Amino acid sequence: MIEVSDLTVRYGRKRAVDALSITVRQGESVLLAGANGSGKTTLLRSMCGLLIHRGKPVRVDGRTLNHRSRRRIAYIPASISFYDSLRVGEAIRLHASCFQDFTYRPPAEFEIERHRRVGTLSKGEKTLFILSLALATHPNYLLIDDVIHFLDPHLRELFLKTILGLIEEQQLGLLMAAQSAFDIEGILDRVVVLDKGKIVLDEAVERLKGSFVRVYSDRLAANLPVVFTRDWGDFKEFFLYPYSDRMETGGRVDFLTLSEIVHATIGGKYGGH
Amino acid sequence: MVVIEIKKSLRDSAILVFILLVIVAGMAVSEKDPYLMPSLELFLALYASFAGWSLFERERQDGAMEYLLALPISRLRLLALKLAPRLIAVALILFGYGFIHRQYSVHALLPYFTFACLYVGVFLLSVSLSLSMKSFIGTFFITLFLTVGLYSFLTWLDPSISNERLGLQTVLSLATATVLFALRFRRFDIRPLSHFNRRYVPVLVLLLAVVFTLTYITTRSRWGHFYLTEEGYLLSDYGHKTVIETMEGGRTVFDQGMAPLLQADKTLLVALGRSGGEGDDLAKLNLETMEIEKRWDLPAGYWFHRFLENRASVDGRPCFLLTGPHHRRYQILELNGETLRFIPVQIDFGDEMVHQISGTIENPVRFVLFTGTRLFLMEENGHGEMWMEARGVTSWKNRLLVFGSSRTVLFEFSPEPKPVLQIEGKVRKIWKKWSGDIDDRVLVLHNDVYELLDLEKGSLQKITAQDRPYHYATNREGNLRIVWLKRDEITVSEWVQDRLRVEATWYTRIEGLKLTRVFPAGVVVYGRAKREVFRFDPPPAGLGDGK
């Protein structure tokens with residue numbers, strides 16, 4: 001389990017992450033959603049030691065995060081940072097030299113010529129290549145920043161299939177930052193939504209889908225748990241969470257897909273509520 | 001990781017290795033170009049700076065910093081892994097240059113060790129700026145400025161500092177910046193570089209300021225042997241090194257000790273220290289060309305007493321006392337034009353050491369040797385015997401002044417000794433510091449009164465003086481010049497027609513620790529990294545900072 005407790009990270013005066021606590025267990029896959037600047041990348045970087053902060057240290061399987069325990073965590077940054085000038089073969093050897101346990105097994109339909117420079121790979125290819133390298137180190141936890149949109153539908157399917165296999169086989173703990181849950185909804189157990197460096201929503205997917213609703217109405221009773229509202233002029237959209245069917249809404253109630261919930265949550269922020 | 005770094009270092013160094021090979025080949029087949037070695041030195045400094053600065057250049061260019069920092073390697077190990085191949089490459093290039101320097105050092109700007117230290121200093125400082133500076137040219141100029149600056153600062157503070165110590169102190173001082181960088185790098189993370197720089201650069205600047213300040217506080221110039229020539233050349237002999245400065249600011253450095261013995265016209269007779277302290281040689285230094293005009297080899301292990309007063313003369317030929325191994329053997333060196341004559345001293349001095357040749361007595365020639373407690377007279381064949389016990393001695397032609405504990409007697413040798421003057425009471429000789437002359441007059445403190453003793457006339461005259469005279473010597477006009485020191489005040493008086501006339505009063509601006517030396521040509525006040533020269537002639541008040 002990766003445990004983050006009371007994490008605060010500043011960039012100058014700005015608090016990118018503010019007293020945030022979160023845990024990710026092995027075998028669990030978590031979506032980390034939030035608007036731009038909400039602190040997703042900062043949180044992921046802190047969890048793999050890329051950001052050094054004061055305060056309580058991040059713990060991995062009960063141990064303080066350091067360069068040794070960092071071996072249990074693989075991280076794919078949004079920048080898909082790598083030595084572009086290296087050839088693929090060299091890159092594999094470089095990565096292998098930093099890990100004791102390394103078995104490079106790219107997905108069956110994804111093989112890159114080893115003489116190619118990493119910089120000549122497309123973003124999608126590079127993402128999948130870095131994922132292959134990351135998984136070759138047999139991590140317990142995989143932290144993925146917002147890279148899914150780099151992949152075309154084919155590579156995305158391959159990407160998700162690979163991860164899904166590992167979650168089931170190796171009890172991999174997954175924390176994936178994304179702006180949308182589209183395509184990945186099937187592999188997720190939990191959703192965490194960040195806003196201004198704080199967790200505003202942390203819920204299991206199934207429970208979230210059953211308790212997050214949209215109501216079309218002119219007005220709602222004051223005692224209903226409205227998370228935010230969108231005003232379309234002729235009518236209003238009210239987002240309720242947690243919702244139960246005993247609530248009297250007086251309007252049409254729509255249960256949302258996870259993707260819609262994430263979208264609405266982020267959109268709600270921009271709606272000014 | 002190491003393999004990749006080695007490859008990169010090799011790639012970066014390959015061009016330099018190629019250039020070094022071309023230079024070696026060029027030098028082997030053609031005449032030595034005087035600009036080649038200085039150019040190479042500058043080029044190597046550029047390389048050292050680049051090797052240090054480019055520590056994270058690949059990560060910068062490839063955008064791989066996030067990947068690098070996410071690797072399960074501690075920051076310090078990461079730094080070591082990246083630094084080690086560069087250090088090796090930098091060292092190999094330096095050794096390669098060492099080979100060229102050995103063959104063609106004639107035209108190099110700096111001695112090899114000095115260059116090596118500056119080269120390593122530039123490298124270390126560039127490493128410490130590898131994350132903070134985006135511009136290589138900027139890094140190069142800053143590191144070169146600081147390295148050469150610290151080097152020059154140290155030389156300025158302590159001209160006596162040896163090349164080895166100078167180089168090592170420069171490198172070690174600058175290495176603190178690299179240590180600071182390593183310590184700060186432990187907390188380096190993926191935040192924008194400005195975040196790192198905000199915490200690192202001010203501390204680095206502070207550290208460098210502390211380094212320079214501590215250097216200033218702790219570096220003290222070692223007092224050496226100094227000499228001011230009549231032309232105003234200031235010679236500073238530090239044993240392993242001699243610096244000759246002119247009034248116009250010119251500076252010539254010799255990598256060996258050079259003690260002045262005698263000045264004649266534009267040449268200075270000097271004792272040249274041999275390397276390893278294996279004695280001295282005698283040389284004639286041309287003060288116009290600043291080149292050794294002639295050099296005489298002395299018997300191995302013999303050295304000169306480094307005091308100008310410690311000299312005798314036979315018919316105008318200067319004679320010097322040479323002390324041999326373990327202070328147990330002595331020779332008198334007589335210089336006759338370009339010819340040397342050695343007179344081995346055959347006297348047994350027991351456990352005592354001879355520390356003064358106090359002139360000669362003429363008709364027949366006898367050398368006066370003094371051990372501090374006993375006086376010996378030696379004939380020209382080297383044999384002689386103890387003449388009497390004494391507390392001090394000075395001679396003039398055939399007269400010998402012997403200081404005793406309660407009586408001081410002036411003897412005349414014609415040829416047998418005959419007392420011509422006896423002074424009762426406590427008489428203490430005021431030493432002529434660096435006078436350079438064998439004077440016929442001696443200043444003494446007789447029963448707490450300063451008196452001038454004329455050896456020629458055999459007379460004693462009182463001198464009204466509030467303070468102890470610091471120095472006295474005969475000037476060009478044949479008058480006795482006496483210099484008095486009182487804190488920051490230097491008073492030069494002349495003894496003319498039995499009266500003391502103040503020639504000039506100077507005030508030194510050097511505060512704190514200082515050393516004042518009076519020479520036949522003037523007074524020099526040495527402070528830390530600063531000196532003031534007051535010359536007697538031309539007119540005393542016209543030069544230096546005299547008021």
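Chain B has nine helices and 32 strands, with helices (H or I, at least four residues) and strands (E, at least two) taken as DSSP runs numbered from the N terminus. This is a predicted model, in which local features need pLDDT of at least 70, side-chain atom pairs count only at pLDDT 80 or more, and totals for chains, interfaces and linings use all residues. Residues are numbered from 1 along each chain as its sequence is written, while chains are lettered from A and ligands numbered from 1 in the order in which they are written.

**Chain B overall**
- Of the 547 residues of chain B, 37% count as buried; buried means 20 or more other C-beta atoms within 10 Å of a residue's own, exposed means 12 or fewer, and partly exposed lies in between, with C-beta atoms placed from the backbone.
- Among the contacts in chain B with a separation of 6 or more, 47% join residues 24 or more positions apart; a contact here means C-beta atoms, placed from the backbone, within 7 Å.

**Where the chains meet**
- Chain A gives 23 residues to the contact and chain B gives 20.
- Helix α2 (residues 88-97) of chain A supplies three residues, the largest share of the chain A side.
- That side has twelve nonpolar, five polar and six charged residues; Ala, Val, Leu, Ile, Met, Phe, Trp, Tyr, Cys and Pro count as nonpolar, Asp, Glu, Lys and Arg as charged, and the others, Gly among them, as polar.

**A look at helix α4 of chain A**
- With 18 residues (153-170), α4(A) reaches 25 Å from its first C-alpha to its last, close to the expected 26 Å, which is 1.5 Å times one less than the number of residues.
- Its buried residues are A:L155, A:L158, A:F159 and A:I163.
- Cover for the buried residues of α4(A) includes α3 (123-136), β7 (141-144) and β8 (173-177) of chain A.
- On the face turned away from the buried side sit the exposed residues A:P153, A:H154 and A:E168.
- After α4(A) comes A:Q171, with a positive phi near 55 degrees.

**Nonpolar cores**
- The largest nonpolar core has 87 residues, of which A:L31, A:L32, A:L143, A:M176 and A:V191 touch the most other members; such a core is a set of buried Ala, Val, Leu, Ile, Met, Phe, Trp, Tyr and Cys residues joined through C-beta atoms within 7 Å.
- Its largest share, six residues, comes from α3(A).
- A second, separate core of 75 residues includes B:A259, B:F376, B:V442 and B:L452.

How values were computed. Two residues are in contact if their C-beta atoms, placed from the backbone, lie within 7 Å.
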